[in-house]
Amino acid sequence: MKRVFSGIKPTGHLTLGNYLGALRQWAEVDQHRADALFCVVDLHALTVEHDPARVRRLSRQAATLLLAAGLDPRLCTVFVQSHVDEHARLSYLLECVATDGEMRRMIQYKEKAARERERGGSVRLSLLTYPVLMAADILAYATDEVPVGDDQAQHVELARDLAVRFNQRYGHTFVVPKATLPPVAARVMNLQEPASKMGKSDDFGPGIVYLLDEPDVVRKKVMRAVTDSGQEVVYDRAGRPGVANLLEILAACTGGEPEALSAGYASYGELKKDTADAVVEALRPLRARHQELCADPGYVERVLREGAEKARAMARPVVDGAYRAIGLLPPLEEPAAEPMAAAGAPTGPGAVASLNAAR
Ligand code: TYM
């Protein structure tokens with residue numbers, strides 16, 4: 001059975017982009033076809049300025065939403081990254097395999113670092129090394145496939161490169177993973193700024209549909225989406241990005257093809273109305289289940305505790321193997337007490353002190 005791993009970062013409230021680009025695929029497809037792990041990657045939320053209480057709150061909320069979206073702990077493993085030490089342990093080894101040039105070429109680093117600098121802030125070193133931690137997340141579980149939205153494809157490519165390089169230098173240690181993207185809506189765009197991805201925490205708030213938005217808020221946001229000049233509804237991502245985005249969202253929610261759907265619309269208004277309805281319907285069960293889960297926080301905690309235990313047991317041997325392969329000494333075992341006693345060596349409390357004194 002294939003091993004699948006993916007993660008979500010608790011840096012903001014989860015969006016329709018997260019749902020259509022990742023979560024829905026995890027719940028409807030991946031957990032049924034693979035040995036799958038899904039992780040709230042909280043360490044990644046520390047790469048930009050953060051408020052500790054908010055990260056804690058968003059981590060719990062993200063975990064609850066993963067379950068509300070349909071992840072079933074009987075089918076897959078759901079856990080929080082910082083509960084499993086192996087991620088950070090492996091990340092350092094991979095930093096010794098990656099190059100700084102490689103890190104500086106990452107598109108997300110360039111964009112986010114530029115934004116931080118524009119705001120007059122400093123850029124955390126962890127923002128630069130973030131893709132290495134992400135590679136560790138993936139490689140620690142001998143992952144075959146990583147279901148992600150389009151914006152994470154470059155990071156998964158880096159994880160592949162690091163796995164291949166490590167294996168070539170130090171002997172076969174890691175499975176080489178590959179990214180899998182959803183068939184539509186791999187990059188949902190901001191409804192107010194269709195040239196930008198719909199991110200959790202960007203500057204175009206009214207263009208972001210959050211999973212927990214009330215239905216009338218969702219409707220308003222979709223109805224106010226920026227469309228393009230022109231009248232006809234055609235699917236043209238480059239020339240008509242606003243309309244193409246709506247068609248992709250509609251297709252992802254209803255199961256059609258964006259191009260075929262475009263033929264059924266004579267006006268932008270009709271398209272917006274149907275898209276708004278489709279999004280509200282797609283999110284309805286998730287919102288209901290989220291409410292139920294919020295009433296039972298003990299259940300979510302139990303899932304996360306058991307998930308972390310299972311994840312630890314899977315990652316430990318892989319990461320230990322990497323430590324040996326790269327040249328680190330295995331931890332030294334305590335010498336057995338019996339043979340020393342048989343040889344007349346001192347035992348019991350104070351034995352070490354008396355051994356040292358004898359030297
Ligand atoms: P994050 O938290 O930004 O996003 C989580 C998932 O949602 C997808 N996604 C989108 N898909 C389509 N349209 C959008 N507008 C959109 N916005 C987000 C992302 O592609 C992602 O699949 N670095 C990762 C988290 C991570 C991870 C990992 C993922 C850390 N370690 C290991 C996979 C494997 C991130 O920031 O995702």
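The axes of H1 and H9, residues 241-254, come within 11 Å and cross at roughly 45°. Axes here are lines fitted to C-alpha atoms, for helices over the stretch in contact, with angles from 0 to 180 degrees between N-to-C directions. Helices (H or I, at least four residues) and strands (E, at least two) are DSSP runs, numbered from the N terminus.

Please note that this is a predicted model, in which local features need pLDDT of at least 70, side-chain atom pairs count only at pLDDT 80 or more, and totals for chains, interfaces and linings use all residues. Residues are numbered from 1 along each chain as its sequence is written, and side-chain values use heavy atoms, with hydrogens and water left out.

The second pair is H6 and H7, residues 153-170, whose axes come within 9 Å and cross at roughly 70°. H6 is therefore roughly perpendicular to H7.

I turn now to the ligand. Which residues come nearest to the ligand? Among the 27 residues around the ligand (a heavy atom within 4 Å), they are Tyr130, Asp137, Asp151, Val188 and Lys200.

A side-chain N or O atom of Tyr130 lies 2.4 Å from a nitrogen atom of the ligand. An oxygen atom of the ligand is 3.1 Å from a polar side-chain atom of Asn18, and a backbone N or O atom of Lys9 is 2.9 Å from a ligand oxygen atom.

Finally, strand E1 (3-8), helix H1 (16-33) and helix H6 (125-139) are the elements that give two or more residues to the shell around the ligand.

Note on methods. Polar contact = N/O pair within 3.5 Å; in protein donor to acceptor, adjacent residues only side chain to side chain. Parallel < 35°, antiparallel > 145°, perpendicular 65-115°, else oblique.
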